Amino acid sequence: MSDLDSLALTPRLLVALDFDGTLSPLVDEPMSARMIPAARRALDALTALPATDVALVSGRSLADLRVISEHTDDSLFHLAGSHGAETWHPGARTGQDDPDDPADRELLAELVAEVERIVAPVDGAWVEPKAFGLGLHTRLARPDAAQEAQREVDALLAERAPNWRRRTGRDILEFAFRHEGKDQAVAALRERLGATGVLFAGDDVTDEDALRALGDDDLGVHVGAGDSAASVSVEDPAALAALLHRLAQLRAAR
Ligand SMILES: O=P(O)(O)OC[C@H]1O[C@H](O[C@H]2O[C@H](CO)[C@@H](O)[C@H](O)[C@H]2O)[C@H](O)[C@@H](O)[C@@H]1O
């Protein structure tokens with residue numbers, strides 16, 4: 001029996017998925033990212049099944065994740081935004097789970113302004129203010145200019161916010177004063193939903209936190225090329241959508 005076949009038989013299944021690069025192809029304008037239609041159909045099929053939950057687990061702020069995933073108030077998908085520091089659950093709709101320290105907010109505003117000054121002369125680099133931090137995007141910058149901007153921003157944050165969590169991703173360098181990771185996001189969802197088996201899929205470095213924390217009854221899927229803690233790899237979002245569709249079929253037939 002394949003890993004997918006046995007996961008389909010688990011009493012309570014959680015399908016937890018990263019968004020960018022996993023359900024949506026990477027695009028130059030982050031707010032124009034959308035789930036590919038085949039992925040949407042597979043997720044809808046999974047949520048329609050008994051004892052089966054679907055969650056989107058993203059580095060995006062919850063507000064942005066709701067926009068790009070076209071998530072509405074009656075949606076059945078659970079959401080974990082900001083790497084798990086913000087959540088939304090059908091029927092409960094919680095937002096940010098813990099209050100912030102005003103000093104963090106003040107420092108964040110100052111740092112966003114300073115990083116914007118650093119990257120203003122760099123073509124193709126820009127700052128994304130995030131719920132608990134900031135991201136320096138360099139997808140459209142020349143590689144040497146991107147490297148130099150990242151070096152300057154790294155130095156600034158090392159001096160002004162040495163305790164913030166640093167993350168790298170696809171043409172992005174991020175810092176946040178909240179330290180939650182996708183491993184904690186999946187653990188919280190698993191506990192809340194009583195999941196006996198989890199499928200987690202992701203394409204990026206931050207997804208490896210969740211993939212490394214999976215157990216024997218779970219299945220990790222890496223989307224794209226490169227090393228991963230996942231036991232299964234697929235080429236792109238379309239191939240992941242096909243795998244999720246197959247999982248829905250197997251689970252419907254159990
Ligand atoms: O955890 P994820 O859902 O994968 O979010 C990770 C980051 O996604 C966004 O940036 C990435 O996707 C953009 C759109 O495809 C792309 O332009 C960018 O180069 C990628 O880094 C988002 O803007 C970040 O805030 C997320 O942390």
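Lys182 and Asp207 are both buried. In this predicted model, the two residues form a salt bridge, with their closest N and O atoms 2.7 Å apart. The pair ties together distant parts of the chain, Lys182 lying in helix α6 (residues 182-193) and Asp207 in helix α7, 25 residues apart. The structure has 19 salt bridges in total.

**Other salt bridges**

- Asp209 and Arg165 form a salt bridge through their side chains, at 2.9 Å from N to O.
- This pair also links distant parts of the chain: Asp209 is in helix α7 (residues 205-212), Arg165 is in strand β7 (residues 165-169), and 44 residues separate them.
- Asp209 has a relative accessibility of 15% and counts as buried, because the cut-off for buried is under 20%.
- Arg165, at 24% relative accessibility, counts as partly exposed.
- A salt bridge also joins the side chains of Glu148 and Arg151, with an N to O distance of 2.8 Å.
- Glu148 and Arg151 both lie in helix α5 (residues 143-160); because they are three residues apart there, about one helical turn separates them.
- Glu148 is partly exposed, with a relative accessible area of 35%.
- Arg151 is likewise partly exposed, at 48% relative accessibility.
- Side chains of opposite charge can pair when their charged atoms come close.

**Helix α6**

- The twelve residues of α6 should span 16 Å at 1.5 Å a residue, and the end C-alpha atoms are 16 Å apart, in agreement with that value.
- Lys182, Ala185, Val186, Leu189 and Leu193 are the buried residues of α6.
- Viewed down the axis of α6, these buried residues fall within an arc of 95°, so they line one face of the helix.
- The cover over the buried residues of α6 includes the strands β1 (13-17), β2 (52-57), β3 (78-81) and β9 (197-202), together with α7.
- Gly194 follows α6 and has a positive phi, near 65°.

**The sheet**

- Seven strands make up an open sheet with mixed pairing, in the order β4-β3-β2-β1-β9-β10-β11.
- β4 (86-88) and β11 (232-234) stand at the edges; each has a single partner strand, so one side of each lacks a neighbour in the sheet.
- On average, neighbouring strands of this sheet are turned by 20° against each other, direction ignored.
- β3 and β4 run antiparallel and are joined by three bridges.
- Gly81 stands opposite Glu86, a residue of β4.

**Helices packed on the sheet**

- Helix α2 (residues 37-47) packs on the sheet and touches β1 and β2.
- The direction of α2 makes about 140° with that of β2.
- Helix α8 (residues 237-252) packs on the sheet too, touching β1, β2, β9, β10 (219-223) and β11.
- The direction of α8 makes about 170° with that of β1.

Definitions and conventions:
Residues numbered from 1 in each chain as written. Predicted model: local features only at pLDDT ≥ 70, side-chain atom pairs only at ≥ 80, totals over all residues. Heavy atoms only, no water. Salt bridge = Lys/Arg side-chain N within 4 Å of Asp/Glu carboxyl O. Helix = DSSP H or I, 4+ residues; strand = E, 2+ residues; numbered from the N terminus. Buried < 20%, exposed > 50% of the residue type's maximum accessible area, 1.4 Å probe, protein only. Expected span 1.5 Å × (residues − 1). Arc of directions from axis to C-beta. Contact = heavy atoms within 4.5 Å. Pairing = 2+ DSSP bridges. Axes fitted to C-alpha atoms, helices over the stretch in contact; angles between N-to-C directions.
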